[in-house]
Amino acid sequence: MLTSIQTDTPLISLTKVEKWYGAFHALKAINLSVRKGEKIVLCGPSGSGKSTLIRCINALESIQSGTITVDGTTLDNNSTSIDAVRREVGMVFQSFNLFPHMTVLENCTLAPMRVRGASKPDAERIARKYLERVRILDQAEKYPAQLSGGQQQRVAIARALCMEPNVMLFDEPTSALDPEMVKEVLDTMIALAVDGMTMICVTHEMGFARQVADRVIFMASGEIIEEATPEVFFTAPQHPRTQAFLGEILAHH
Amino acid sequence: MNYVFDFGVVFEKMPELLLGAASTLGLAIAGISLALIIGVLGVAARSSKYRLMRGAVIAFVEVVRNTPFLVQIFFIFFALPMMGIRLNPTVTAIIALAVNGGAYAIEIIRGGVESISKGQVEAGLALGLHKFQVFRLIVLKPAIRTIYPSLVSQFIMLTLTTAVCTSIAAYELTSVAQMIESDTFRSFEVYFTITIMYLFISSIMMGLFALISRHFFSYPTR
């Protein structure tokens with residue numbers, strides 16, 4: 001485990017969050033509090049609600065009851081709170097979602113210019129800084145389709161960082177990658193963690209969880225079943241569902 | 001067949017025909033530009049959160065696509081003056097072309113917008129962009145690129161439909177040809193000539209669309 005910069009202020013807190021898709025109960029009474037600088041790994045079987053949970057944090061999904069507060073802003077249905085939260089929360093998706101008609105650099109400058117009102121030179125300076133940091137500055141003038149999956153995902157990370165968020169959400173960032181590209185993306189995420197970024201990662205990369213996570217949270221059927229430090233989580237899981245899940249996942253790795 | 005061809009008249013009237021052709025090109029470009037604007041705004045309005053707005057767009061598209069263009073242009077030219085809206089033939093022609101082309105453009109562009117993955121929209125929203133910015137900056141260009149061939153063929157059709165504007169005596173190639181024909185009775189020569197000229201006009205439009213495509217849509221996709 002890494003030594004992390006942590007304070008006691010919760011940066012994100014979810015209280016009794018309930019989410020339904022029609023008759024399907026996707027999130028059940030979720031309580032979660034994340035401190036500044038903390039790294040959380042969320043895992044669980046597919047359909048367990050882990051992606052839904054992080055998508056609620058930046059209001060890509062709406063919730064039916066409960067409260068979500070990010071950096072002092074409580075999400076409600078008015079767009080002011082949603083705007084405020086989205087400015088502070090970066091997200092990286094499984095399928096990269098780079099904008100195909102923009103160069104790497106343009107992908108990175110779009111939001112700082114349109115959302116933060118940065119000038120083009122400023123936005124480009126910031127973009128180059130973060131592209132350098134994910135070690136892909138040499139591809140700045142290329143289009144997404146000209147990059148490998150791993151490179152695209154690193155650009156997606158840089159793009160999110162360009163908004164200088166307080167929190168980064170990762171939604172299965174390596175699941176769509178060819179095996180040989182997983183490492184470059186994980187290394188980028190590890191570097192980010194070392195720098196003290198607050199992170200919530202939905203991932204099945206247990207090596208990453210072991211190395212980076214302050215807490216591993218296991219979800220199933222829309223509930224948080226178990227949460228623990230990586231050592232405890234991997235060596236002494238309490239709940240039978242966690243044990244079954246770990247058995248299956250570690251058998252494949 | 002003892003008809004003697006005499007293209008002399010046609011050559012004599014060539015300046016008028018060229019002016020007519022230029023006018024046709026002008027009507028087409030004006031109509032297409034406005035149709036494109038109507039198409040894009042229509043698609044945006046069709047996904048509005050206001051039901052009335054969405055309903056209005058759907059009704060507009062259905063009315064225009066299920067009535068003849070000739071009736072639409074007559075309606076604007078002959079019926080609207082009864083309500084105090086009096087427009088000259090050229091303006092009428094442009095509006096009729098824009099409205100007609102716009103309705104088809106809405107349907108075509110909507111298809112393109114629907115083909116864009118939800119992930120693109122979510123990535124934009126997650127970066128803090130507003131819904132309309134996401135549409136304008138992220139969705140629109142790839143969407144239009146996807147359906148560009150259909151849009152182009154619709155707009156080429158619109159270019160040729162300018163000929164119908166003859167019916168309200170708008171100044172364009174076919175109406176010029178009709179005037180020359182009724183002066184000279186050289187039907188074959190006149191209509192043969194403008195057939196060739198329409199082919200040229202279509203090629204010019206195709207060329208323009210190809211240029212636009214090369215400028216805007218040349219980014220690699222795989």
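Predicted model: local features only at pLDDT ≥ 70, side-chain atom pairs only at ≥ 80, totals over all residues.

**Entry 1: a helix pair in chain B**

I began with helix α5 (residues 89–115) of chain B and helix α7 (residues 131–161) of chain B, which pack at an angle of about 140° with their axes 8 Å apart. That angle makes α5(B) oblique to α7(B). For my own reference, angles under 35 degrees count as roughly parallel, over 145 as roughly antiparallel, 65 to 115 as roughly perpendicular and the rest as oblique. The axes are lines fitted to C-alpha atoms, for helices over the stretch in contact, and the angles run from 0 to 180 degrees between N-to-C directions.

I noted the crossing of α5(B) and α7(B) as right-handed; the term applies if the near helix is turned clockwise from the far one by less than a right angle, and left-handed if anticlockwise.

Which residues make the contact? From α5(B) I listed several, including Leu97(B), Gly101(B), Tyr104(B) and Ile108(B), and from α7(B) among them Phe135(B), Val139(B), Ile147(B) and Phe155(B). Contact here means heavy atoms within 4.5 Å. By class, this contact of α5(B) with α7(B) has 14 nonpolar, eight polar and no charged residues. The classes count Ala, Val, Leu, Ile, Met, Phe, Trp, Tyr, Cys and Pro as nonpolar, Asp, Glu, Lys and Arg as charged, and the others, Gly among them, as polar.

Residues are numbered from 1 along each chain as its sequence is written, chains are lettered from A and ligands numbered from 1 in the order in which they are written, and side-chain values use heavy atoms, with hydrogens and water left out.

Chain B averages a pLDDT of 96, and 100% of its residues score at least 70; pLDDT is the predictor's confidence in each residue, from 0 to 100. For the complex, the predictor gives an ipTM of 0.93 and a pTM of 0.91.

I also counted up chain B: nine helices and zero strands. Helices (H or I, at least four residues) and strands (E, at least two) are DSSP runs, numbered from the N terminus. The C-alpha trace of chain B spans about 75 × 50 × 25 Å along its principal axes.

**Entry 2: the sheet in chain A**

Two strands pair if DSSP finds at least two bridges between them.

β6(A) and strand β7 (residues 167–171) of chain A pair in the parallel sense over four bridges, and Val92(A) has Phe170(A) in β7(A) as its bridge partner.

**Entry 3: a hairpin in chain A**

Strand β1 (residues 10–21) and strand β2 (residues 24–35) of chain A run antiparallel, joined by eight bridges. Pro10(A) stands opposite Arg35(A) in β2(A). What did I find in the turn? The hairpin of β1(A) and β2(A) has two residues between the strands, and Gly22(A) in the turn has a positive phi of about 60°.
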